[in-house]
Amino acid sequence: MVKPQLVVGLDVGTYLTKIAVAKQLRPDKEPSVIALGTTVSEGLRRGSVVDIHDVTRSIVVALEQASKMIEEDISQVIISINGDHLGCITTAGKVAVSRADGEVTQEDIERVIHNATPGPSSSNKSVIDVIPKNFILDEESGIKNPIGMNGIRLEVEALLLEGGTSAMKNIDKCVEESHLHIQHHMVGPIASSQSVLTKKQKELGVMALDMGAGTTSLAVYEEGKLVHIAVIPVGAGHVTQDLAIGMRTSIEVAEKVKIKYGIALESSLGADGKAQIDLSKLSDEEVGVFPVSYVADIIEARLKEIFEQVRAELKSIEREGLLPAGVVLVGGGANIQSVVDLAKRELRLPVKLGIPVGIEGSIADVDNPLYANLVGLLLSGFDEDYDEESLSLGSGDGSVSESGLGGLGNLFKKVLSVFLPTD
Ligand SMILES: Nc1ncnc2c1ncn2[C@@H]1O[C@H](COP(=O)(O)OP(=O)(O)OP(=O)(O)O)[C@@H](O)[C@H]1O
Ligand SMILES: [Mg+2]
(Lines give C-alpha, C1' and ligand atoms only; values in the text may rest on other atoms or scores of the structure.)
(Ligands and ions follow the chains in the order given, each with its own letter.)
Protein backbone atom coordinates (compact mmCIF):
# COMPACT_ATOMS: atom_id res chain seq x y z
CA MET A 1 0.00 0.00 0.00
CA VAL A 2 1.26 3.48 -0.83
CA LYS A 3 1.91 5.46 2.32
CA PRO A 4 -0.33 8.51 2.58
CA GLN A 5 1.55 11.60 1.51
CA LEU A 6 2.38 14.20 4.14
CA VAL A 7 2.06 17.81 3.05
CA VAL A 8 3.43 20.59 5.24
CA GLY A 9 2.67 24.29 4.80
CA LEU A 10 4.56 27.11 6.52
CA ASP A 11 3.22 30.67 6.59
CA VAL A 12 5.62 33.00 8.37
CA GLY A 13 3.49 36.06 9.08
CA THR A 14 4.43 39.33 10.75
CA TYR A 15 2.36 38.41 13.82
CA LEU A 16 1.91 34.66 13.65
CA THR A 17 4.06 31.84 12.32
CA LYS A 18 1.78 29.01 11.30
CA ILE A 19 2.67 25.50 10.26
CA ALA A 20 0.20 22.77 9.32
CA VAL A 21 0.63 19.14 8.37
CA ALA A 22 -2.01 17.50 6.24
CA LYS A 23 -2.56 14.00 4.95
CA GLN A 24 -5.04 12.25 2.68
CA LEU A 25 -6.57 9.94 5.25
CA ARG A 26 -9.25 8.53 2.94
CA PRO A 27 -9.21 8.61 -0.86
CA ASP A 28 -12.87 9.68 -1.05
CA LYS A 29 -12.40 12.60 1.36
CA GLU A 30 -10.59 15.90 1.43
CA PRO A 31 -7.11 15.83 2.98
CA SER A 32 -7.13 16.45 6.74
CA VAL A 33 -4.96 18.61 8.95
CA ILE A 34 -3.25 16.25 11.36
CA ALA A 35 -1.03 18.78 13.12
CA LEU A 36 -0.92 22.51 13.59
CA GLY A 37 1.66 24.76 15.22
CA THR A 38 1.25 28.50 15.71
CA THR A 39 3.42 30.93 17.57
CA VAL A 40 3.75 34.69 17.82
CA SER A 41 6.46 35.65 15.32
CA GLU A 42 9.60 37.58 16.11
CA GLY A 43 11.95 39.24 13.67
CA LEU A 44 9.61 40.37 10.90
CA ARG A 45 8.48 43.76 9.71
CA ARG A 46 5.81 44.28 7.06
CA GLY A 47 6.01 40.59 6.16
CA SER A 48 9.78 40.59 5.60
CA VAL A 49 12.57 39.11 7.68
CA VAL A 50 14.53 41.68 9.68
CA ASP A 51 16.23 39.24 12.06
CA ILE A 52 17.13 35.80 10.73
CA HIS A 53 17.75 34.28 14.17
CA ASP A 54 14.44 35.45 15.62
CA VAL A 55 12.47 34.24 12.61
CA THR A 56 14.29 30.90 12.67
CA ARG A 57 13.43 30.55 16.36
CA SER A 58 9.74 31.26 15.61
CA ILE A 59 9.72 28.59 12.90
CA VAL A 60 11.37 26.07 15.23
CA VAL A 61 8.79 26.74 17.99
CA ALA A 62 5.85 26.27 15.59
CA LEU A 63 7.56 23.20 14.10
CA GLU A 64 8.06 21.61 17.52
CA GLN A 65 4.42 22.18 18.38
CA ALA A 66 3.25 20.50 15.18
CA SER A 67 5.82 17.68 15.45
CA LYS A 68 4.49 16.66 18.85
CA MET A 69 1.12 15.87 17.29
CA ILE A 70 2.40 13.32 14.77
CA GLU A 71 4.77 10.37 14.57
CA GLU A 72 6.29 11.21 11.20
CA ASP A 73 9.23 13.58 10.83
CA ILE A 74 8.66 16.92 9.15
CA SER A 75 11.45 17.39 6.67
CA GLN A 76 10.07 19.44 3.82
CA VAL A 77 7.69 22.37 3.68
CA ILE A 78 5.83 24.51 1.20
CA ILE A 79 6.37 28.15 2.14
CA SER A 80 4.65 31.39 1.26
CA ILE A 81 6.49 34.51 0.22
CA ASN A 82 4.99 37.50 1.95
CA GLY A 83 5.97 41.11 2.31
CA ASP A 84 5.69 44.52 0.78
CA HIS A 85 8.61 43.78 -1.56
CA LEU A 86 6.19 41.79 -3.75
CA GLY A 87 4.66 43.47 -6.76
CA CYS A 88 3.72 43.12 -10.39
CA ILE A 89 4.21 44.86 -13.72
CA THR A 90 2.13 44.56 -16.86
CA THR A 91 4.34 43.72 -19.81
CA ALA A 92 4.01 42.86 -23.48
CA GLY A 93 6.00 40.92 -26.08
CA LYS A 94 5.97 40.47 -29.84
CA VAL A 95 7.64 37.91 -32.18
CA ALA A 96 7.33 36.66 -35.75
CA VAL A 97 5.93 33.10 -35.99
CA SER A 98 8.95 30.97 -36.86
CA ARG A 99 7.58 28.15 -39.02
CA ALA A 100 7.50 28.78 -42.76
CA ASP A 101 3.87 27.56 -42.96
CA GLY A 102 2.89 30.07 -40.21
CA GLU A 103 1.73 27.48 -37.63
CA VAL A 104 2.28 28.66 -34.07
CA THR A 105 4.37 26.24 -32.01
CA GLN A 106 5.23 25.96 -28.33
CA GLU A 107 8.62 27.42 -29.16
CA ASP A 108 6.93 30.60 -30.47
CA ILE A 109 5.05 30.90 -27.17
CA GLU A 110 8.29 30.55 -25.24
CA ARG A 111 9.95 33.18 -27.40
CA VAL A 112 7.11 35.67 -27.07
CA ILE A 113 6.99 35.27 -23.28
CA HIS A 114 10.75 35.71 -23.15
CA ASN A 115 10.30 38.83 -25.21
CA ALA A 116 7.72 40.03 -22.69
CA THR A 117 10.14 39.48 -19.82
CA PRO A 118 12.28 42.57 -19.62
CA GLY A 119 13.69 41.53 -16.25
CA PRO A 120 12.85 42.93 -12.85
CA SER A 121 12.04 46.62 -12.40
CA SER A 122 15.23 47.22 -10.40
CA SER A 123 18.48 45.47 -9.66
CA ASN A 124 17.40 44.40 -6.16
CA LYS A 125 14.31 42.56 -7.44
CA SER A 126 13.89 39.13 -9.02
CA VAL A 127 11.28 37.89 -11.43
CA ILE A 128 9.06 35.30 -9.76
CA ASP A 129 6.80 34.46 -12.65
CA VAL A 130 5.39 35.74 -15.92
CA ILE A 131 1.73 34.99 -16.47
CA PRO A 132 0.20 35.48 -19.91
CA LYS A 133 -3.07 37.41 -19.78
CA ASN A 134 -3.84 37.56 -23.47
CA PHE A 135 -2.37 36.33 -26.76
CA ILE A 136 -2.78 38.32 -29.96
CA LEU A 137 -2.22 36.68 -33.34
CA ASP A 138 -2.09 39.04 -36.31
CA GLU A 139 -4.03 41.66 -34.34
CA GLU A 140 -6.75 39.15 -33.33
CA SER A 141 -6.91 39.62 -29.56
CA GLY A 142 -8.28 37.38 -26.78
CA ILE A 143 -6.83 34.12 -28.11
CA LYS A 144 -6.70 31.51 -25.38
CA ASN A 145 -4.36 28.98 -26.98
CA PRO A 146 -2.58 30.01 -30.16
CA ILE A 147 -0.69 26.70 -30.60
CA GLY A 148 -1.67 25.14 -33.92
CA MET A 149 -3.23 28.35 -35.23
CA ASN A 150 -1.78 30.14 -38.24
CA GLY A 151 -0.40 33.65 -38.32
CA ILE A 152 2.58 35.87 -38.97
CA ARG A 153 2.93 37.92 -35.79
CA LEU A 154 2.37 36.64 -32.25
CA GLU A 155 1.96 39.05 -29.34
CA VAL A 156 1.36 38.53 -25.64
CA GLU A 157 0.20 40.72 -22.77
CA ALA A 158 1.47 39.37 -19.49
CA LEU A 159 1.72 40.00 -15.78
CA LEU A 160 5.25 39.87 -14.38
CA LEU A 161 5.43 39.03 -10.68
CA GLU A 162 8.52 40.17 -8.85
CA GLY A 163 9.89 40.31 -5.35
CA GLY A 164 12.88 41.64 -3.42
CA THR A 165 15.83 39.31 -4.06
CA SER A 166 17.25 39.63 -0.54
CA ALA A 167 13.86 39.37 1.14
CA MET A 168 13.16 36.10 -0.67
CA LYS A 169 16.63 34.73 0.08
CA ASN A 170 16.29 35.66 3.74
CA ILE A 171 13.09 33.72 4.33
CA ASP A 172 14.64 30.71 2.55
CA LYS A 173 17.62 30.99 4.85
CA CYS A 174 15.41 30.95 7.96
CA VAL A 175 13.60 27.84 6.75
CA GLU A 176 16.86 26.09 5.92
CA GLU A 177 18.36 27.06 9.30
CA SER A 178 15.35 25.33 10.84
CA HIS A 179 16.61 22.17 9.07
CA LEU A 180 13.70 22.09 6.67
CA HIS A 181 13.88 21.51 2.95
CA ILE A 182 11.73 23.78 0.77
CA GLN A 183 9.40 21.80 -1.49
CA HIS A 184 8.19 24.90 -3.29
CA HIS A 185 7.18 28.52 -2.72
CA MET A 186 3.90 30.32 -3.29
CA VAL A 187 3.28 34.03 -3.45
CA GLY A 188 1.26 34.81 -0.27
CA PRO A 189 -1.82 36.50 -1.76
CA ILE A 190 -2.00 33.80 -4.44
CA ALA A 191 -1.89 31.05 -1.80
CA SER A 192 -4.72 32.78 0.10
CA SER A 193 -6.76 33.06 -3.10
CA GLN A 194 -6.44 29.35 -3.82
CA SER A 195 -8.22 28.36 -0.63
CA VAL A 196 -11.13 30.82 -0.73
CA LEU A 197 -11.91 31.82 -4.32
CA THR A 198 -14.03 29.72 -6.64
CA LYS A 199 -13.36 29.27 -10.34
CA LYS A 200 -16.60 31.15 -11.05
CA GLN A 201 -15.60 34.15 -8.94
CA LYS A 202 -12.24 34.27 -10.70
CA GLU A 203 -14.03 34.16 -14.04
CA LEU A 204 -16.40 37.01 -13.07
CA GLY A 205 -13.80 39.27 -11.45
CA VAL A 206 -12.88 39.10 -7.77
CA MET A 207 -10.29 40.23 -5.23
CA ALA A 208 -8.90 38.22 -2.32
CA LEU A 209 -7.87 40.67 0.39
CA ASP A 210 -5.57 39.23 3.05
CA MET A 211 -5.70 41.44 6.13
CA GLY A 212 -2.54 40.39 7.94
CA ALA A 213 -0.85 42.06 10.89
CA GLY A 214 1.94 43.95 9.12
CA THR A 215 0.58 43.90 5.58
CA THR A 216 -2.65 43.91 3.63
CA SER A 217 -2.15 41.93 0.44
CA LEU A 218 -4.44 41.54 -2.49
CA ALA A 219 -4.80 39.41 -5.60
CA VAL A 220 -7.27 40.35 -8.33
CA TYR A 221 -8.60 37.83 -10.87
CA GLU A 222 -10.58 38.34 -14.03
CA GLU A 223 -11.61 35.93 -16.79
CA GLY A 224 -10.03 33.21 -14.70
CA LYS A 225 -6.61 34.84 -14.68
CA LEU A 226 -4.55 36.73 -12.14
CA VAL A 227 -4.48 40.38 -13.23
CA HIS A 228 -2.92 42.15 -10.25
CA ILE A 229 -1.18 41.63 -6.94
CA ALA A 230 -0.15 44.24 -4.40
CA VAL A 231 1.03 44.35 -0.81
CA ILE A 232 0.17 47.41 1.30
CA PRO A 233 2.59 47.86 4.22
CA VAL A 234 -0.14 48.44 6.82
CA GLY A 235 -2.26 45.85 8.62
CA ALA A 236 -4.22 44.85 11.70
CA GLY A 237 -1.07 45.14 13.82
CA HIS A 238 -1.20 48.91 13.23
CA VAL A 239 -4.73 48.88 14.66
CA THR A 240 -3.28 47.37 17.84
CA GLN A 241 -0.54 50.02 17.95
CA ASP A 242 -3.13 52.79 17.52
CA LEU A 243 -5.17 51.34 20.39
CA ALA A 244 -2.08 51.14 22.61
CA ILE A 245 -1.38 54.82 21.97
CA GLY A 246 -5.05 55.84 22.27
CA MET A 247 -5.50 54.05 25.61
CA ARG A 248 -1.92 54.64 26.79
CA THR A 249 -1.54 50.95 27.42
CA SER A 250 0.78 48.12 26.40
CA ILE A 251 0.59 46.33 23.05
CA GLU A 252 -0.44 43.14 24.87
CA VAL A 253 -3.44 44.81 26.53
CA ALA A 254 -4.35 46.67 23.35
CA GLU A 255 -4.33 43.32 21.51
CA LYS A 256 -6.69 41.83 24.10
CA VAL A 257 -9.03 44.83 23.81
CA LYS A 258 -9.03 44.56 20.03
CA ILE A 259 -9.92 40.87 20.04
CA LYS A 260 -12.49 41.02 22.85
CA TYR A 261 -14.22 44.35 22.20
CA GLY A 262 -12.96 45.54 18.82
CA ILE A 263 -15.48 46.53 16.19
CA ALA A 264 -14.77 48.09 12.81
CA LEU A 265 -17.92 50.12 12.28
CA GLU A 266 -18.58 52.56 15.10
CA SER A 267 -22.09 53.41 13.83
CA SER A 268 -23.18 49.76 14.17
CA LEU A 269 -22.74 49.90 17.97
CA GLY A 270 -25.86 51.85 18.94
CA ALA A 271 -26.38 51.95 22.70
CA ASP A 272 -23.67 49.28 23.16
CA GLY A 273 -21.13 51.95 22.36
CA LYS A 274 -21.54 53.38 25.85
CA ALA A 275 -20.43 50.12 27.50
CA GLN A 276 -17.15 50.57 29.35
CA ILE A 277 -13.92 48.61 28.96
CA ASP A 278 -12.03 48.39 32.23
CA LEU A 279 -8.35 47.77 31.49
CA SER A 280 -7.65 46.63 35.05
CA LYS A 281 -9.77 43.55 34.29
CA LEU A 282 -7.38 42.64 31.46
CA SER A 283 -4.12 43.25 33.31
CA ASP A 284 -3.20 43.86 36.96
CA GLU A 285 -0.75 46.56 35.93
CA GLU A 286 -3.24 48.65 33.97
CA VAL A 287 -5.77 51.24 34.93
CA GLY A 288 -8.21 53.17 32.75
CA VAL A 289 -11.77 52.88 31.55
CA PHE A 290 -12.78 53.55 27.95
CA PRO A 291 -16.13 53.36 26.17
CA VAL A 292 -16.42 50.70 23.45
CA SER A 293 -17.22 53.49 20.97
CA TYR A 294 -13.80 55.08 21.59
CA VAL A 295 -12.08 51.81 20.68
CA ALA A 296 -14.33 51.37 17.62
CA ASP A 297 -13.45 54.89 16.49
CA ILE A 298 -9.73 54.16 16.56
CA ILE A 299 -10.16 50.84 14.74
CA GLU A 300 -12.43 52.32 12.09
CA ALA A 301 -10.04 55.20 11.35
CA ARG A 302 -7.09 52.87 10.68
CA LEU A 303 -9.11 50.33 8.67
CA LYS A 304 -10.59 53.13 6.57
CA GLU A 305 -7.07 54.24 5.72
CA ILE A 306 -6.18 50.67 4.71
CA PHE A 307 -9.29 50.35 2.49
CA GLU A 308 -8.46 53.70 0.88
CA GLN A 309 -5.13 52.24 -0.19
CA VAL A 310 -6.86 49.10 -1.45
CA ARG A 311 -9.20 51.29 -3.50
CA ALA A 312 -6.21 53.13 -4.93
CA GLU A 313 -4.80 49.77 -6.07
CA LEU A 314 -8.09 48.94 -7.81
CA LYS A 315 -8.10 52.39 -9.36
CA SER A 316 -4.57 51.80 -10.70
CA ILE A 317 -5.92 48.86 -12.73
CA GLU A 318 -9.20 50.65 -13.56
CA ARG A 319 -11.30 48.26 -11.49
CA GLU A 320 -12.43 50.57 -8.67
CA GLY A 321 -15.96 49.43 -7.73
CA LEU A 322 -15.98 47.17 -10.77
CA LEU A 323 -15.45 43.58 -9.64
CA PRO A 324 -18.74 41.69 -10.09
CA ALA A 325 -17.80 38.90 -7.65
CA GLY A 326 -16.59 41.49 -5.16
CA VAL A 327 -14.06 41.03 -2.39
CA VAL A 328 -13.27 38.05 -0.18
CA LEU A 329 -11.64 38.98 3.12
CA VAL A 330 -9.08 36.68 4.73
CA GLY A 331 -6.23 36.93 7.25
CA GLY A 332 -6.56 37.50 11.00
CA GLY A 333 -7.74 41.08 10.51
CA ALA A 334 -10.84 39.77 8.74
CA ASN A 335 -11.96 38.51 12.16
CA ILE A 336 -12.47 42.04 13.48
CA GLN A 337 -16.21 42.40 14.08
CA SER A 338 -18.18 44.17 11.32
CA VAL A 339 -15.11 44.60 9.09
CA VAL A 340 -17.16 43.18 6.20
CA ASP A 341 -19.66 46.05 6.53
CA LEU A 342 -16.93 48.66 6.69
CA ALA A 343 -15.21 47.12 3.64
CA LYS A 344 -18.51 47.17 1.70
CA ARG A 345 -18.96 50.84 2.47
CA GLU A 346 -15.37 51.86 1.74
CA LEU A 347 -14.73 49.70 -1.34
CA ARG A 348 -18.26 50.01 -2.76
CA LEU A 349 -18.27 46.33 -3.67
CA PRO A 350 -19.90 43.15 -2.42
CA VAL A 351 -17.71 41.78 0.39
CA LYS A 352 -17.71 38.50 2.28
CA LEU A 353 -15.52 36.56 4.68
CA GLY A 354 -13.31 33.88 3.17
CA ILE A 355 -13.38 30.58 4.99
CA PRO A 356 -10.71 28.32 3.49
CA VAL A 357 -12.04 25.13 1.91
CA GLY A 358 -10.52 21.97 0.47
CA ILE A 359 -8.76 20.74 3.62
CA GLU A 360 -10.57 19.28 6.61
CA GLY A 361 -9.53 20.08 10.14
CA SER A 362 -9.63 16.66 11.77
CA ILE A 363 -7.24 17.62 14.56
CA ALA A 364 -7.14 21.34 14.33
CA ASP A 365 -9.72 23.64 12.84
CA VAL A 366 -8.41 25.63 9.94
CA ASP A 367 -11.81 26.90 8.81
CA ASN A 368 -10.95 30.46 9.79
CA PRO A 369 -9.88 33.35 7.52
CA LEU A 370 -6.64 33.42 9.55
CA TYR A 371 -5.53 30.18 7.85
CA ALA A 372 -6.37 31.04 4.22
CA ASN A 373 -2.72 31.45 3.24
CA LEU A 374 -1.68 28.25 5.04
CA VAL A 375 -4.51 26.17 3.55
CA GLY A 376 -3.60 27.49 0.09
CA LEU A 377 -0.08 26.13 0.60
CA LEU A 378 -1.44 22.73 1.67
CA LEU A 379 -3.76 22.57 -1.35
CA SER A 380 -0.83 23.13 -3.70
CA GLY A 381 0.90 20.15 -2.10
CA PHE A 382 -2.02 17.87 -2.92
CA ASP A 383 -2.40 19.24 -6.42
CA GLU A 384 -0.58 16.69 -8.58
CA ASP A 385 -0.34 19.20 -11.40
CA TYR A 386 1.01 21.96 -9.16
CA ASP A 387 4.45 22.15 -10.76
CA GLU A 388 2.89 22.46 -14.14
CA GLU A 389 -0.15 24.48 -13.25
CA SER A 390 0.62 26.84 -10.47
CA LEU A 391 2.79 29.75 -9.73
CA SER A 392 5.99 29.45 -7.82
CA LEU A 393 9.52 30.72 -8.05
CA GLY A 394 11.08 30.40 -11.44
CA SER A 395 14.10 28.33 -10.50
CA GLY A 396 11.91 25.43 -9.45
CA ASP A 397 14.60 24.12 -7.10
CA GLY A 398 13.35 26.06 -4.17
CA SER A 399 15.86 28.85 -4.45
CA VAL A 400 15.47 32.32 -5.81
CA SER A 401 17.21 32.72 -9.13
CA GLU A 402 20.30 34.88 -8.98
CA SER A 403 19.60 37.11 -11.92
CA GLY A 404 15.91 37.04 -11.58
CA LEU A 405 15.77 35.38 -14.98
CA GLY A 406 17.84 32.33 -14.17
CA GLY A 407 14.85 30.05 -13.84
CA LEU A 408 13.26 31.06 -17.07
CA GLY A 409 13.39 27.61 -18.65
CA ASN A 410 11.32 26.16 -15.86
CA LEU A 411 9.28 29.30 -15.67
CA PHE A 412 8.19 28.85 -19.26
CA LYS A 413 6.89 25.41 -18.51
CA LYS A 414 4.87 26.79 -15.62
CA VAL A 415 3.70 29.84 -17.46
CA LEU A 416 2.58 27.81 -20.42
CA SER A 417 0.68 25.32 -18.43
CA VAL A 418 -1.00 28.02 -16.34
CA PHE A 419 -2.30 29.24 -19.60
CA LEU A 420 -2.88 26.12 -21.60
CA PRO A 421 -5.99 24.01 -21.00
CA THR A 422 -5.26 20.65 -19.36
CA ASP A 423 -8.06 18.71 -21.01
N1 LIG B 1 -10.49 37.22 16.45
C2 LIG B 1 -9.78 38.27 16.09
N3 LIG B 1 -10.29 39.52 16.24
C4 LIG B 1 -9.57 40.60 15.88
N5 LIG B 1 -8.33 40.55 15.35
C6 LIG B 1 -7.77 39.34 15.18
C7 LIG B 1 -8.46 38.14 15.54
N8 LIG B 1 -7.66 37.11 15.25
C9 LIG B 1 -6.52 37.63 14.73
N10 LIG B 1 -6.58 38.97 14.70
C11 LIG B 1 -5.55 39.90 14.25
O12 LIG B 1 -5.02 39.45 13.03
C13 LIG B 1 -3.63 39.73 12.92
C14 LIG B 1 -2.90 38.47 12.60
O15 LIG B 1 -3.38 38.00 11.39
P16 LIG B 1 -2.49 37.07 10.45
O17 LIG B 1 -2.02 35.89 11.20
O18 LIG B 1 -3.27 36.86 9.22
O19 LIG B 1 -1.27 38.06 10.20
P20 LIG B 1 0.20 37.63 9.76
O21 LIG B 1 0.10 36.61 8.70
O22 LIG B 1 1.00 37.27 10.96
O23 LIG B 1 0.74 39.02 9.20
P24 LIG B 1 1.19 39.42 7.70
O25 LIG B 1 0.37 38.60 6.76
O26 LIG B 1 0.90 40.87 7.60
O27 LIG B 1 2.64 39.15 7.62
C28 LIG B 1 -3.21 40.31 14.27
O29 LIG B 1 -3.09 41.72 14.17
C30 LIG B 1 -4.35 39.91 15.19
O31 LIG B 1 -4.56 40.86 16.19
MG1 LIG C 1 -0.23 36.68 6.64
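Axes are lines fitted to C-alpha atoms, for helices over the stretch in contact, and angles run from 0 to 180 degrees between N-to-C directions. Helices (H or I, at least four residues) and strands (E, at least two) are DSSP runs, numbered from the N terminus.

This is a predicted model, in which local features need pLDDT of at least 70 and side-chain atom pairs count only at pLDDT 80 or more, while totals for chains, interfaces and linings use all residues. Residues are numbered from 1 along each chain as its sequence is written, and chains are lettered from A and ligands numbered from 1 in the order in which they are written.

**Exercise 1.** Find how α4 and α10 are oriented to each other, and which residues make their contact.

Step 1. The axes of α4 and α10 are 7 Å apart, and the packing angle is about 80°.

Step 2. Angles under 35 degrees count as roughly parallel, over 145 as roughly antiparallel, 65 to 115 as roughly perpendicular and the rest as oblique. Therefore α4 and α10 are roughly perpendicular to each other.

Step 3. Two residues are in contact if their C-beta atoms, placed from the backbone, lie within 7 Å. On the α4 side the contact includes Gly188, Ala191 and Val196; on the α10 side it includes Ala372, Leu377 and Ser380.

Step 4. Count Ala, Val, Leu, Ile, Met, Phe, Trp, Tyr, Cys and Pro as nonpolar, Asp, Glu, Lys and Arg as charged, and the others, Gly among them, as polar. The contact of α4 with α10 then has six nonpolar, eight polar and no charged residues.

**Exercise 2.** Describe the sheet that contains β6 and β11, and the helices packed on it.

Step 1. Strands of a sheet pair through backbone hydrogen bonds, either parallel or antiparallel. Two strands pair if DSSP finds at least two bridges between them.

Step 2. The open sheet has five strands in the order β3-β2-β1-β6-β11, with mixed pairing. Its edge strands, β3 (32–40) and β11 (181–187), each pair on one side only. On average, neighbouring strands are turned by 20° against each other, direction ignored.

Step 3. β6 (residues 76–81) and β11 run parallel and are joined by six bridges. Ser80 stands opposite Met186 in β11.

Step 4. Helix α4 (residues 188–196) packs on this sheet and touches β6 and β11; its direction makes about 80° with that of β11. Helix α10 (residues 372–382) also packs there, touching β1 (6–12), β2 (16–23), β6 and β11, and its direction makes about 150° with that of β1.

**Exercise 3.** Describe the sheet that contains β13 and β14.

Step 1. This open sheet also has five strands, ordered β14-β13-β12-β17-β18, with mixed pairing. The edge strands β14 (225–232) and β18 (351–353) each pair on one side only.

Step 2. Seven bridges pair β13 (residues 216–222) with β14 in the antiparallel sense. Tyr221 stands opposite Leu226 in β14.

**Exercise 4.** Classify the crossing of α8 and α9.

Step 1. The axes of α8 (residues 292–316) and α9 (residues 339–347) come within 10 Å and cross at roughly 45°. That makes α8 oblique to α9.

Step 2. Residues of α8 in the contact include Leu303 and Phe307, and those of α9 include Leu342 and Leu347. The contact of α8 with α9 divides into seven nonpolar, no polar and four charged residues.
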